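Hi,

Here is the structure I promised to send over. Have a look at it first, and then read on for my notes.

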Amino acid sequence: MPLPAPSVPRKLVHIRRVDIECWHREDGLLDIEARMIDLKDKDYPLPPSLGVRAKGEPLHDMRVRITIDQGMTIHDAVASSDAVPYPGGCDTIAPVYRQLIGLSLLKGFRRAVTERFGGVRGCSHMTELLGSLPTAAFQTMASIQRDNGVMDWDDHVTKQPFQLDKCHALETSSETVRRFYPRWYRQHKAAG
């Protein structure tokens, strides 16, 4: 259901686009590429020595790619800043994101990201972009498992689908799991 129409007239000021693509590599690993673009709806003044960023020209255009295994551990990480408001400052932080290597998207990822890249230790925009990677990885893993025959909608499932117990709707004691994954449904145990 779409959002209701605004109740007050308004004017567009800022656009942020986030795009995430997930790739299954020939070596069995997965690449997740995320990109964030910020645009202004009018010419945007920067500090005097930098001039004006023209309407529609990105203020931020940042990318990160992580390579993960099917256990969700990061094997490689690269970042880039193609458009930034402060050249020579913003675009120098990308190498610190190599510290993502070795982290798990399943266990404490967002906390670890904040510890490594929060505040002046990273770029606030790039760090924010990382927060979307775990759920994108879950969606990718569900697709790969289905494509590899690990799960289907019949009773030919050989192991519990990856996405179960990873969100509220797919808790194994939920009505959603009872309806769509009855083999994996577990009745909620009452506290006693």
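Strand β2, residues 30–40, is mostly covered, with 9 of its 11 residues buried. Please keep in mind that this is a predicted model.

On one side of the pairing story, β2 goes with strand β1 (residues 14–24) in the antiparallel sense, and 11 bridges join the two. Within that pair, Leu30 of β2 stands opposite His24. The hairpin of β1 and β2 has 5 residues between the strands, and Gly28 there takes a positive phi near 90°.

β2 also runs antiparallel to strand β5 (residues 60–68), to which 9 bridges join it. If you want a place to start in that pairing, Ile37 has Asp61 in β5 as its bridge partner.

A side-chain contact to look at next: the charged end of Lys40 sits over the ring of Tyr44, at 4.9 Å from the ring centre.

Then there are the aromatic rings. The count comes to 1 aromatic pair. Its members are Tyr97 and Phe117, which are stacked, with 4.4 Å centre to centre and 25° between the planes. This pair links distant parts of the chain, 20 residues apart: Tyr97 lies in the loop between β6 (74–83) and α1 (109–117), while Phe117 belongs to helix α1.

Happy to hear what you make of it.

Best wishes

How values were computed: Residues are numbered from 1 along each chain as its sequence is written. This is a predicted model: local features need pLDDT of at least 70, side-chain atom pairs count only at pLDDT 80 or more; totals for chains, interfaces and linings use all residues. Side-chain values use heavy atoms; hydrogens and water are left out. Rings of Phe, Tyr and Trp (its six-membered ring) pair if their centres lie within 6.5 Å; planes under 30 degrees apart count as stacked, over 60 as edge-to-face and the rest as tilted. Helices (H or I, at least four residues) and strands (E, at least two) are DSSP runs, numbered from the N terminus. A charge sits over a ring if NZ of Lys or CZ of Arg is within 6 Å of the ring centre and within 35 degrees of the ring normal. Buried means under 20% relative accessible area, exposed over 50%, partly exposed in between (1.4 Å probe, protein chains only). Two strands pair if DSSP finds at least two bridges between them.
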